[in-house]
Amino acid sequence: MDKESLPSQLNADYYRRRAKSLSLASAESLKHGSTMEPPPHNKLAHAGAPTAGAGGAVPPPPPSNPPPPRKPPPPRARGVLRGFATRAKNFAGKTLRVGGTAGCLVAAASFGAHYYECKQVDDFFSTGDTNDGDPKSKQFKCKKKRVLHLPFDNLKLIEHRTRQFNIPSNKKPPTITLEVKELVSLLHRAASDPTITALYADFGESGMRHPIGYAHAEEIRNAVRIFNESHRVHRNPNVHHDPVFAMMRNGEPKPSYAFGHSYRWNEYFLASAFNYVHLQARGHLELFGTSTTNLFLRGALDKYGIKAHVFRHGEYKNAPSIFTDKKYSKPHLENVKSMAASLDETIRTGVRNSRGMLNFDNVMWQSVSEFGNLASGNAREIGLVDLSPPVDPLISLLDVNKEEEKKKKKKKNKKKIKGDDDKKTECEIEGKDDKQNKKTKSREKLEAKFGIHESLSKFTATESIPLSKYKQMLDKKEKIERRRKGMNDTLQKMSESSTATSMILSAFGWKPNGGSSSSSSSNQFSQ
């Protein structure tokens, strides 16, 4: 053998002998029923094992243990549809959880908003009386005293509301646009509202910025008349006033006031419907009657060679006169004058009846129209004006009434009735003390500034309510009443369809009302 092939031959002989010895040892162990532990690798040095010799041949190390088997991959969804169904199921579960939470939040928010609106409306229209605000009660006394402010100087009255784009101006307050029927309805509601004790109309420094027609003024006058006579039952079918809410309230009518720096003919026609007309001390009246204008185009048509062909039947048919005449014809002028005179007579009669000037005949009216502008002093002398204050007295009246109410509350808290012999009530003692008490300093200052007049003493309001806010609160009240009515109708149907539902609702305090929602049942679910 070659020296080069000797080491490899020695290695082969070694492994052959080693395998034979291991097989014999395992056979004997099986025969005797014993196991044999293989010796460690580092102690497998046997006789005859090859070692590093002269040739440098070293046996290779024994084979290492095999790696552990890998875990099988998870089974995949069979098919595309199965995977899509799994993903859709997971997404639907998440969506339902998120949607349910969002629905609960929206329901809670809507319920909270409804509760807030109900509380706001109830607080606004509550009278603060222990008799649940029943005007029919003999002991009824409303603690809230408000005056409804009508800004006629910034009020635009229209027949039908249309959508318009109004650019707000910083110089003037925004114009309040209302339909005539809305204003009439607000005045009717104010007449039946026990918290509204007075009506105050402000015609501004330069009169009404948006003049109204005589027909609309007549409708508003009728509504103001109902407010002035709210202490009695109205049975006039033309005003559509519900007589149920016009019962006696302490036997005192509600006063109404009109203040302006000047009045024109149509403005004074509206202001005369109020109980008291105030004209600023430097103001004046322009009572010149009704005026009309007509346009004639005959001269312009002749200048350009245009000829109009019209058919007219009768001399009082004045519609074509705009194209055929250059000035008033005798029949046309007679027709216009008769219409203006008839309108003036209607206005004068209305002013005479509302102001109580029965002796103010047509001769007096003619003298007033020919006199020119009437100063406030002259207007007051002949009875067209009640008071001529230097400024608007509304704010001063409110401040004085607030101060007097605070003093009354303080005195009431200090008074204590002691002893069994004294059977006088606290109300009787207060009545005597009020008669004996002198006027407060604020009342004296008020009279020194505006003078002593009946209109100032009858004003008892302590809070001013703008027309826009009052309308907003009435709209909210109607919306809440519709919600309550719908809820009660739904509960009525549910109680009629199921006896168990009716028993559950009755346990919560709801009582069936025969299919119609009454005010008592609607109040149960107001909050």
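View 1. Ser 495 is buried, with a relative accessible area of 10% (buried means under 20%, taken with a 1.4 Å probe and protein chains only). This is a predicted model, in which local features need pLDDT of at least 70 and side-chain atom pairs count only at pLDDT 80 or more, while totals for chains, interfaces and linings use all residues. Residues are numbered from 1 along each chain as its sequence is written, and side-chain values use heavy atoms, with hydrogens and water left out. You will find Ser 495 in helix H15 (residues 467-497); helices are DSSP runs of H or I with at least four residues, numbered from the N terminus. Its side chain reaches the backbone oxygen of Gln 492 at 2.8 Å. Leaving aside neighbours within four places in sequence, Ser 495 is in contact with Thr 501, Ser 502, Leu 505 and Trp 510 (contact means heavy atoms within 4.5 Å).

**View 2. Where H15 meets H16.** The two helices pack at an angle of about 130°, with their axes 5 Å apart; axes are lines fitted to C-alpha atoms over the stretch in contact, and angles run from 0 to 180 degrees between N-to-C directions. That makes H15 oblique to H16 (angles under 35 degrees count as roughly parallel, over 145 as roughly antiparallel, 65 to 115 as roughly perpendicular and the rest as oblique). From H15 come Leu 491, Met 494, Ser 495 and Ser 497, and from H16 Thr 499, Thr 501, Ser 502 and Leu 505. At the start of H16 (residues 499-507), a side-chain oxygen of Ser 498 comes to within 3.4 Å of the backbone nitrogen of Ala 500. After H16 comes Gly 509, with a positive phi near 100°.

**View 3. The cores.** The largest nonpolar core has 58 residues, and Leu 150, Phe 152, Leu 285 and Tyr 470 have the most contacts inside it. Here a core is a set of buried Ala, Val, Leu, Ile, Met, Phe, Trp, Tyr and Cys residues joined through side-chain atoms within 4.5 Å. Helix H3 (residues 180-192) gives this core its largest share, seven residues. A second, separate core of 16 residues includes Val 147, Leu 398, Phe 450 and Phe 459.

**View 4. H3 beside H4.** H3 and helix H4 (residues 214-228) pack at about 10°, with axes 8 Å apart. That makes H3 roughly parallel to H4. Among the residues that meet are Leu 183 and Leu 187 in H3 and Ile 220 and Val 224 in H4.

Note on methods: A polar contact is a pair of N or O atoms within 3.5 Å; within protein, one must be able to donate a hydrogen and the other to accept it, and residues adjacent in sequence count only if both atoms are side-chain atoms. Buried means under 20% relative accessible area, exposed over 50%, partly exposed in between (1.4 Å probe, protein chains only).
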